[in-house]
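Me: Got a model here that I want to go through. Can you take my questions one by one?

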Amino acid sequence: MPDRRQPDSPTDDNPFAAPPEGRPDQPWQPRSGGDDGGNGDGNGPGDSGGQRGPARWDPTDPIQRRARYALLAGMWGFFFGIFGIPSVGLLLGVLALYWGISALRGKPAATVGEPGAPKGLDALGPAARPQRTAAVSGLVTASLAILLAMSTYALQLAYKDFYVCRDDALTKTAELQCNTLLPDNFVGKVLKVPQ
């Protein structure tokens, strides 16, 4: 196979490449984000002080953490509700509801005590949009998880005789006889013990 070396170009921006011959090694510096003013002043694309780049997630900020926790807990609570574990779904749904509301209403640590300072996610400035989306999505999925858990508990309460009969049945024939305790509607067809 022929040698496929590319000619060296002055615009090559490979951070792992060796320096050109004749130039000494330089200490690592973060990239400047495309502009030529890479003086290392700390105003890179991820800094929240400047308006040049997107704001990044700050794990030390309790508002941003709660927004992410709300999204994750709501999502997992919904999955547990779908897969038939309503107690865990209810717990995660309630936690996600708490975290979502506290993220939307919370005060960042930097603005506590300052009069007239923006509250909640509005104090984050450009970083507020993804965190608000995460908090609202967490609230929606938490509501669905709680709804699924409550409907499961309501079904178990409404058809308690069927569930007790089915759990106490020792044979398949006895379990099938429990189907007579169900109504002849859609719910009864869903809960019915298959033959």
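Me: What should I know before reading values off it?
Reply: This is a predicted model, where local features need pLDDT of at least 70, side-chain atom pairs count only at pLDDT 80 or more, and totals for chains, interfaces and linings use all residues. Residues are numbered from 1 along each chain as its sequence is written, and side-chain values use heavy atoms, without hydrogens and water.

Me: How many helices and strands does the chain have?
Reply: Six helices and zero strands. Both are DSSP runs: helices are H or I with at least four residues, strands E with at least two, numbered from the N terminus.

Me: How do the axes of α1 and α2 cross?
Reply: Helix α1 (residues 62–82) and helix α2 (residues 86–105) cross at roughly 155°, and their axes come within 7 Å. Axes are lines fitted to C-alpha atoms over the stretch in contact, with angles from 0 to 180 degrees between N-to-C directions.

Me: So are α1 and α2 parallel or antiparallel?
Reply: Roughly antiparallel. That label applies to angles over 145 degrees; under 35 is roughly parallel, 65 to 115 roughly perpendicular, the rest oblique.

Me: Which residues meet there?
Reply: In α1, Tyr-69, Trp-76 and Phe-80 are among them; the α2 side includes Leu-92 and Trp-99. Contact means heavy atoms within 4.5 Å.
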